[in-house]
Amino acid sequence: MKRPLFHWILTALIAAAASTAAYFIGRNQTVHDNDDLLAELETLRAEQSDAAVVKRVSQQMEDIAYMQKTVSDQERDRAEQQSKLALEMRDRAEQETRLAHDAEIKAKEAAEEAEEERARALSHQIMAEEQRDAANHAKSVSDTLNYRAIGRTLGNSSVTQFESGNTAIAGKLAYASWYLMNKYKGNTYQPETFNSLSMCSATQASIQTLQRGTVRAFHPLYGVGCVTVTDYGEIEIHRTSGTRRSVVLQNSAYDFRDVWADDSNIYALSLHGPLCHTDYSHLIREIALPEGIYTKLLRMSSGNFLVAASRHILELDIRTGSIIGRKDLSRELSTLVSDDQSIILFFTDGTASRLGTDLSLTDIDITKGKTVTSAYYDGKLTALFAGYDDGSIGIFNRKNECLATILGHTGRITDIVTVGGIMVSSSYDNNVCVWNLPIFKFEGGRNLAEGLGVSEESLGLEEDITAMEIPSPVTIEFQSWPFALAQFSPTDVIAGTANGEVHRFNVSTDRMASILRENSDVTMSESEWELYIGSSVQYINMK
């Protein structure tokens, strides 16, 4: 088949275009290849330059490494030297440790030896102190006994001097007797000391009365004096200040056995009745009583009176004087007392009962089978004092426990009163005894305050008195029986006797010594001390 011209022309054009395109393509490829070669040359140049840098750096790093190696070797050598030095130091430390340990052992041994030496020294010191204390105690005991003995001797000398009319020196000796006994914790109620003080201070005297009968009872008028009744129907008032007295009644038709009084009224109980009442005038109102033998009159807590006969008890309305209660007794009454609980009745057969508010009786075991003839209750001490028919006296606490039985009288006890820690008792043996109760030691070594459960201040003490002497009372002898006792002032007691006398005496040795000191010069000079005591005893200024 024959092709047209147009076709050949188109073919030629396409071939020319292809040749042209191939030229340009080839040219561009050559240019591109040249650019690649140039880039590669640049890269080679850069790499060559980097290699040189790297080489230089490597060289420098190698130099640095050699330097570091040198430094490392030096450090290693130094470390080896330090290690060697450390080993030497460790060896030295171990050696020092061993030396310190050895020193510690030696120090501990030395300390133990020192402690043993200290203990031995302390033991010797304690032994020396004990021996010194024992020697001081022995000397103190010796001095105490010596000065107490001197005190008693001075009391005797004082009485002798007083009876000889040498009252000035008698007063000095009496004061010295009290001073030494008091200073050395002795019993200032030794008869020698008490009697000398009583004489020289003039604190014992008979009170002038207008009475002819036996003084049977007192009732204190606190701060004023007391009221006295006798079995001759006499009522008399005694004043604490001066010698003033007044007779309220003298009527032998009455036989008074007990009395109660206050600032406005006096009630006096006659043996067979009646109960007499007066308002301190001479007018007497009689309150009739049933037949009986009447001995005791008490004011009850209700304000009424309890009137006791040998076989019955009466309760009287104090306002109307009428009998509002009666209790017949199957046993004979000996005495009674009121404590802080109720009223205790004591019977002649040695029994006792408590009286209730309804006049009922409850038996109690307190007398130990002995007949109580006089009883006294001290509310401050909460102590009951029971005097027996054999002359002994029992002291009971608030539980009715007998703390002590005191022996001294030889006859029946007629009355008891206390002034602080001092008990005064009277008896049919014609004596009044003054007892210093704090010196008594009871079971277990307890003193009176401990036994009663009260403070020592309540007994008038600043501290416990420890007397080595056997306690003995001061005995005041009368010409007739003392029947009644009463506290007349803070330190004075009065005693009434069967012959109608009333005796007043001070029972405080401290007060009597104070009176002596106030009224005269009681200080002994050194020459008087040497004369009456002796130069071998050290002089004491007793101002």
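Reader: Is Phe483 buried or exposed?

Author: This is a predicted model, in which local features need pLDDT of at least 70, side-chain atom pairs count only at pLDDT 80 or more, and totals for chains, interfaces and linings use all residues. Residues are numbered from 1 along each chain as its sequence is written, and side-chain values use heavy atoms, leaving out hydrogens and water. Buried means under 20% relative accessible area, exposed over 50%, and partly exposed in between (1.4 Å probe, protein chains only). Phe483 has a relative accessibility of 10%, so the residue counts as buried.

Reader: How many aromatic pairs does a search of the whole structure find?

Author: Rings of Phe, Tyr and Trp (its six-membered ring) pair if their centres lie within 6.5 Å; planes under 30 degrees apart count as stacked, over 60 as edge-to-face and the rest as tilted. By this criterion, the number of aromatic pairs found in the whole structure is 12.

Reader: What is the angle between the planes of Trp260 and Tyr267?

Author: Trp260 and Tyr267 are both buried. Their rings lie 6.3 Å apart, centre to centre, in a tilted aromatic pair, and the angle between the planes is 50°.

Reader: Why is the pair of Tyr428 and Phe483 assigned its class, and which class is it?

Author: The ring centres of Tyr428 and Phe483 are 5.4 Å apart. Their planes stand at 90°, so the class is edge-to-face.

Reader: How many residues apart are Tyr428 and Phe483, which link distant parts of the chain?

Author: Helices (H or I, at least four residues) and strands (E, at least two) are DSSP runs, numbered from the N terminus. Tyr428 belongs to the loop between β23 (422-427) and β24 (431-436), whereas Phe483 lies in strand β26 (residues 482-487). Tyr428 is partly exposed, at a relative accessible area of 24%.

Reader: In β11, which residue is the bridge partner of Arg299?

Author: Two strands pair if DSSP finds at least two bridges between them. Strand β10 (residues 294-299) and strand β11 (residues 305-309) pair in the antiparallel sense over five bridges. A charge sits over a ring if NZ of Lys or CZ of Arg is within 6 Å of the ring centre and within 35 degrees of the ring normal; Arg299 lies over the face of Phe305 in this way, 5.8 Å from the ring centre. The bridge partner of Arg299 in β11 is Phe305.

Reader: Which residue takes a positive phi in the hairpin of β10 and β11?

Author: This hairpin has five residues between the strands. A positive phi near 100° is taken there by Gly303.

Reader: Why is helix α3 described as largely enclosed, and how many of its 11 residues are buried?

Author: Among the buried residues of α3 are Phe194, Leu197 and Cys200. Just after the helix, Ala202 takes a positive phi of about 55°. Helix α3 (residues 191-201) is largely enclosed by the rest of the structure because, of its 11 residues, the number buried is eight.

Reader: What distance separates the C-alpha atoms of His503 and Leu485?

Author: His503 is placed in strand β28 (residues 502-506) and, at 12% relative accessibility, counts as buried. Its contacts (heavy atoms within 4.5 Å), leaving aside neighbours within four places in sequence, include Phe478, Val493 and Ile494. His503 and Leu485 are 18 residues apart along the chain, and their C-alpha atoms are separated by 9.6 Å.
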